[in-house]
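Please examine the sequence and the three-dimensional structure shown below.

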Amino acid sequence: MSLRIRISALSAIAVTLLAPVTLAQKPPAPAPPPPPPTSAPPSRPTNPSPFPSSSDPTQMREDLVMFLRGRIATHDGAPVPNDVLVERVCNNRTRQEVYASLHGDFSMQLGSRNDSYPAASGDSISPYGSTSRDPIQGIPRRELTNCELRASASGFQPRVVSLMGLDTFGGNVDVGLIVVQRGKKKEGTLDATLYKVPKDARKAYEKGVQAEKNGNLAEAHKYFENAVKLYPNSANTWFQFGIVLQKENQPDAARKAYTQATTIDTRFLPPYLSLATISYQAGNWTEVLDLTGHILNLDPMNHVAVNNYILDLDPMNYADAYFYNAMASYKLNKIEDAEKSALKAEHLDLRTHFPQVHLLLAEIFARKDHYAVAIAQMQTYLALAPNAKDADHVRAQLAKLEKLNTSPPTTEKLNQR
């Protein structure tokens with residue numbers, strides 16, 4: 001087959017990816033609860049000794065805890081706010097922080113780069129007695145005896161749960177249900193760290209949430225605008241205000257609200273994803289790469305082998321961030337980075353929210369002359385979106401790729417490698 005035909009086929013595939021996908025103005029919904037683990041957790045060792053020898057590294061590894069999981073609920077059954085912060089505090093020092101999902105679930109990876117143990121403690125050695133992290137990750141179970149989990153959220157009293165009495169085995173520990181109660185108004189100044197807000201601001205916020213849920217955007221706009229005036233230091237309120245402004249087709253105002261939220265708390269990730277969505281739709285690929293890069297740098301899955309993924313239940317969907325990052329990398333000709341992020345997006349997109357990721361992977365693999373893999377990706381896209389507007393075009397490109405895949409290598413093709 002001639003070089004002209006091959007270039008034409010690959011160029012036609014790329015055309016499909018040039019225009020940003022049309023997305024709804026509402027930021028992506030939170031990820032669903034994680035699927036059941038694909039493999040059983042490490043089992044309890046046979047005839048364990050109550051006094052394991054520190055000289056036996058195998059025995060030490062068998063008692064590592066790699067993930068803490070749990071769920072937050074309110075005492076009155078009200079929806080869980082999406083700014084519930086869960087902290088692991090050891091010896092009165094905060095070691096690690098994550099946000100719970102809108103469903104209340106949270107997952108904390110221990111012994112990873114997101115575990116701030118060495119930095120927070122100021123110790124010169126790691127908790128394993130060496131200067132480097134064990135590639136298996138996790139921390140010894142005995143380290144948790146001096147730790148507690150602390151849950152806090154806007155308008156709720158902080159709840160503390162001790163980890164000393166956990167009677168569990170295996171690398172994944174479920175701490176169960178943590179119930180938080182609404183706090184009463186306290187005298188004195190507000191503690192922004194604990195996300196305490198004045199009564200009037202909290203009331204305006206709750207009315208704004210309800211109005212937005214009922215589809216009354218004008219009322220929601222008024223309540224959120226009042227809430228941020230009464231208490232401008234709530235990242236979550238600015239984020240919710242941005243959602244309403246985006247629904248009202250005010251992208252510039254929405255961007256300002258989201259940006260304000262990021263200046264208040266750089267670890268609150270939903271506004272970063274919303275800003276990335278806006279930049280993606282505008283084709284501002286450098287900005288998309290910067291915003292998603294911030295998200296993925298805080299993503300525990302970014303530091304775990306592909307076969308050991310666990311869905312991190314931050315109140316946003318990492319699949320979206322990986323997809324945007326992949327597209328931005330591809331547009332900026334960072335092909336290897338694009339492939340890595342696209343593969344992760346494919347792995348995490350449980351809702352098949354982005355079937356377009358398969359077209360992106362098809363283009364990447366076709367550029368590498370991996371036609372069989374590219375064909376499989378196109379077939380997956382058509383299976384997920386058989387009635388898409390570009391389905392006929394994709395089928396035509398698929399036929400061309402199938403011809404390229406069955407054609408014997410020519411001198412002309414070999415000279416191009």
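Arg71 stands opposite Asp105 in strand S5. Strands here, like helices, are DSSP runs numbered from the N terminus, with at least two residues (E) for a strand and at least four (H or I) for a helix. The model is a predicted one, in which local features need pLDDT of at least 70 and side-chain atom pairs count only at pLDDT 80 or more, while totals for chains, interfaces and linings use all residues. Residues are numbered from 1 along each chain as its sequence is written, and side-chain values use heavy atoms, with hydrogens and water left out.

Two strands are taken to pair if DSSP finds at least two bridges between them. S2 and S5 are part of an open sheet of 3 strands, in the order S5-S2-S9, with mixed pairing. Strand S5 (105-109) and strand S9 (172-180) are its edge strands, each pairing on one side only. From one strand to the next, the twist averages 20 degrees; such angles run from 0 to 180 degrees between N-to-C directions, and the axes are lines fitted to C-alpha atoms, for helices over the stretch in contact. In general, strands of a sheet pair through backbone hydrogen bonds, either parallel or antiparallel.

A further open sheet holds 4 strands in the order S4-S3-S7-S8, and its pairing is antiparallel. At its edges lie S4 and strand S8 (159-162), each of which pairs on one side only. The twist in this sheet averages 20 degrees from one strand to the next. Within it, strand S3 (residues 85-90) and strand S4 (residues 93-99) run antiparallel and are joined by 6 bridges. Two of the residue pairs can be located directly: Leu85 has Tyr99 in S4 as its bridge partner, and Glu87 has Glu97 in S4. S3 and S4 form a hairpin with 2 residues between them, and Asn91 in the turn has a positive phi of about 55 degrees.

The secondary structure of the protein comes to 15 helices and 9 strands in total. One of the helices is H4 (residues 199-213), whose 15 residues should span 21 Å at 1.5 Å a residue; the end C-alpha atoms are 21 Å apart, so the two values agree. The expected span is 1.5 Å times one less than the number of residues in the helix. Which residues of H4 are buried? They are Ala201, Arg202, Ala204, Tyr205, Gly208, Ala211 and Glu212, where buried means under 20% relative accessible area, exposed over 50%, and partly exposed in between (1.4 Å probe, protein chains only). The cover over these residues includes helix H5 (217-230) and helix H6 (235-247). Just after H4, Gly215 takes a positive phi of about 85 degrees.

Helix H10 has 14 residues and reaches 20 Å from its first C-alpha to its last, close to the 20 Å expected at 1.5 Å a residue. H10 is mostly covered, with 13 of its 14 residues buried. Ala321 is found in this helix, and its relative accessible area of 0% means that Ala321 is buried. The C-alpha atoms of Ala321 and Leu291 are separated by 8.8 Å, although the two residues are 30 apart along the chain. Just after H10, Asn333 takes a positive phi of about 65 degrees.

The interior may now be considered. A nonpolar core is a set of buried Ala, Val, Leu, Ile, Met, Phe, Trp, Tyr and Cys residues joined through side-chain atoms within 4.5 Å. The largest such core has 70 residues, of which Ile295, Phe323, Tyr324 and Leu401 touch the most other members. Helix H10 (residues 318-331) gives the most to this core, with 10 residues. Phe323 touches Tyr280, Ala345, Phe354, Gln356 and Val357, not counting residues up to four places away in sequence; contact means heavy atoms within 4.5 Å. Apart from this core lies another, of 25 residues, among them Val98, Ala100, Leu144 and Val161.

His358 lies in helix H12 (residues 356-367) and counts as buried because its relative accessibility is 8%. Leaving aside neighbours within four places in sequence, His358 is in contact with Glu346, Gln377, Thr380, Tyr381 and Leu384. Of the 417 residues of the protein, 48% count as buried.
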